[in-house]
Amino acid sequence: MNVVCLIMHALQFKFKGKPEDHHIVHDAPKPVPAKDEVLVKVKSSALDTVTEPIIEKEFPVAYILHKAKNPLYLGYHFSGTVEAVGSQEQVSDLKVGDDVFGFLQYNGSQTQGAFAEYITVKHNECATKPSGIDFDVAAASTTEPITALQALRDMGGLREGADTQQTILVVGAAGGVGSAAVQIAKNLFGAHVTAVCSTKDVKQVKSEFGAHIVIDRSVEPGYVQKLIEEKAKFDVILDTPCVLPSSATKLLKSQGTIVTTAPSGTMYWNQIKMIFSSKTATWIMCDSNQKDLNIIGKLLSGQDQLTVPIDSRFKVKDMAQAMAKHAGSHNGRVVIQVENGWE
């Protein structure tokens, strides 16, 4: 007789808890896919910057990105294998056994976490994993590259094959979103990229990520004013750490846009002061969708098109150490091995 397993291993987090307070449970309910969903057996995931704010119930971030209720399961990035489909009539693009990658949507109704054996996702919110890309790299290449792509294209207006070369300023160019933005802007959109980072990252941003110009903010803390005095102009400014002063809008071309990764007081002030201008200020909330994931997959598979650095790898059972690493000094994604990572 076949026995259907309706429970699974999962990492359960404690609100306001310390890393050692989070623990593995062996009887978490195994999700069942809806008709337009697939059941994914998770192989790899990765930590991102929203984990701690959600655990700490920071307002408004924690309530915008995840449902603030117990039991709390976290982890957004994922790669894995389709184990079941909800309905073959509604899911025609994926089948059992397909390797996929993507990320769980960041919204206030989210209750799942990829630090678990299984998750369910809508079939058009994940994509087939490129065959030559390892599961850990695929999992690490979801939220941040998609955020960069959508910020540049959907918010900033960058286009492939533009008549004239577009120009972009990326602040925080060594971070997850920033490093992806440098590469996507250059290799997908053909833009001229000026990047801002700290001294330790200058070489990597220049030689590995491919920025045309790199500004060392540690050496030139007044680089914004210097660029203004030099009359530098950009089609898009991507301020990933949300640190630029309002005066940075002077660096925009007449139709330019400054994009941040979260709303801020400076962003709202920029919107007010530019209300009668052709310039704009906005922010990006990433959306996991198959079309954009396929673009990222193609870039990952290309020769020197997109590199996503991985700092370290931890089994899911070692989450306390992984979170400590992520909270400290690291260069790249902290990847979590989910499959075979429970013991």
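**Exercise 1. How are α4 and α9 oriented to each other: roughly parallel or roughly perpendicular?**

Solution. 
- Note that the model is predicted.
- Start with the angle. α4 and helix α9 (residues 290-301) pack at about 110°.
- The axes of α4 and α9 lie 10 Å apart.
- Apply the cut-off. Angles from 65 to 115 degrees count as roughly perpendicular. Therefore α4 and α9 are roughly perpendicular to each other.
- List the contact. α4 supplies Pro 145, Ile 146, Leu 149, Gln 150 and Arg 153. α9 supplies Asp 292, Leu 293, Ile 295 and Ile 296.
- Sort by class. The contact of α4 with α9 has six nonpolar, one polar and two charged residues.

**Exercise 2. Describe the packing of α4 against α5.**

Solution. 
- Locate the helices. α4 covers residues 143-155, and α5 covers residues 176-187.
- Read the geometry. The angle is about 55°, and the axes are 8 Å apart.
- Classify the pair. That angle makes α4 oblique to α5.
- The crossing of α4 past α5 is right-handed.
- List the contact. From α4 come Glu 144, Pro 145, Thr 147, Ala 148, Leu 149 and Leu 152. From α5 come Gly 176, Val 177, Ala 180, Ala 181, Ile 184 and Ala 185.
- Sort by class. The residues of the contact of α4 with α5 divide into nine nonpolar, two polar and one charged.
- Cross-check with Exercise 1. Pro 145 and Leu 149 of α4 take part in the contact with α5. Pro 145 and Leu 149 are also listed in the contact with α9.

**Exercise 3. How many cavities of 30 Å³ or more does the structure hold, and which residues line the largest?**

Solution. 
- Count. There is one cavity of 30 Å³ or more.
- Name the lining. The residues are Ala 46, Leu 47, Asp 48, Val 50, Thr 51, Ile 54, Leu 74, Gly 75, Tyr 76 and Phe 115.
- Sort by class. The lining has seven nonpolar, two polar and one charged residues.
- Identify the charged class. Asp counts as charged, and Asp 48 is in the lining.

Terms used: Residues are numbered from 1 along each chain as its sequence is written. This is a predicted model: local features need pLDDT of at least 70, side-chain atom pairs count only at pLDDT 80 or more; totals for chains, interfaces and linings use all residues. Side-chain values use heavy atoms; hydrogens and water are left out. On a 1 Å grid over the protein atoms alone, a cavity is a set of points where a 1.4 Å probe fits but cannot get out, and a pocket is an open set with protein on both sides within 12 Å along at least five of seven lines; lining residues have an atom within 4 Å of a point. Grid points are joined across faces, edges and corners, and a volume is the space filled by probe spheres set on the points. Axes are lines fitted to C-alpha atoms, for helices over the stretch in contact, and angles run from 0 to 180 degrees between N-to-C directions. Helices (H or I, at least four residues) and strands (E, at least two) are DSSP runs, numbered from the N terminus. Angles under 35 degrees count as roughly parallel, over 145 as roughly antiparallel, 65 to 115 as roughly perpendicular and the rest as oblique. A crossing is left-handed if the near helix is turned anticlockwise from the far one by less than a right angle, and right-handed if clockwise. Contact means heavy atoms within 4.5 Å.
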